[in-house]
Amino acid sequence: MAQTAARVDMVISNNATWEDAFQFGTVGDTSWSFIGKSFFTDIKGTRDDPNPLLSLSSGGGTIVVDDPVGRTLHFFVDDDTIVGSLPITVDCDPYVYDLVMVDNSDGSRTVLMSGKLYVEQGITL
């Protein structure tokens, strides 16, 4: 598998569960899969911050693998967690994140995507 990371900036609302889904690779390509893989995402104020504001993982249920063969997963973060960890980013810089896939057999790590994360105040409370 070629190691390339997609640049994906996201906007989430703080009044609903974050459930963005992504499919990786080319549809129909079976040369690689999510079988035997774990996924991790740290969200930070800046790349240089030593500690994440929020950590997500497939083991913790906040990254869900929907189709391991088709390489589809989604984030699953409830609004209480968003409100408690990530203040809105209206008048400040966005958060940064990356999504890392770890091969459980050898520990190798692949960054699948990275980018900025904006948190908006929801309208319907």
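This is a predicted model: local features need pLDDT of at least 70, side-chain atom pairs count only at pLDDT 80 or more; totals for chains, interfaces and linings use all residues.
Local features need pLDDT of at least 70 and side-chain atom pairs pLDDT 80 or more, whereas totals for chains, interfaces and linings use all residues. Residues are numbered from 1 along each chain as its sequence is written, and side-chain values use heavy atoms, with hydrogens and water left out.

**View 1. The pair of phenylalanine 24 and phenylalanine 34.** The structure holds 5 aromatic pairs (ring centres of Phe, Tyr or Trp, the last by its six-membered ring, within 6.5 Å; planes under 30 degrees apart are stacked, over 60 edge-to-face, the rest tilted). In this pair the ring centres are 6.0 Å apart and the planes meet at 55°, so the pair is tilted. Both residues are buried (under 20% relative accessible area, with exposed over 50% and partly exposed in between; 1.4 Å probe, protein chains only).

**View 2. Tryptophan 32 and its neighbours.** The rings of tryptophan 32 and phenylalanine 34 have planes at 65° and centres 6.0 Å apart, so they are edge-to-face. Tryptophan 32 has 14% relative accessibility and therefore counts as buried. The charged end of arginine 71 sits over the tryptophan 32 ring, 4.8 Å from its centre (NZ of Lys or CZ of Arg within 6 Å of the ring centre and within 35 degrees of the ring normal). Phe24, Trp32, Phe34 and Phe39 form one aromatic cluster.

**View 3. The surroundings of tyrosine 95.** Tyrosine 95 is buried, at 7% relative accessible area. Its contacts (heavy atoms within 4.5 Å), not counting residues up to four places away in sequence, include Ile43, Leu53 and Val119. The C-alpha atoms of tyrosine 95 and lysine 116 are separated by 5.6 Å, although these residues are 21 residues apart along the chain.
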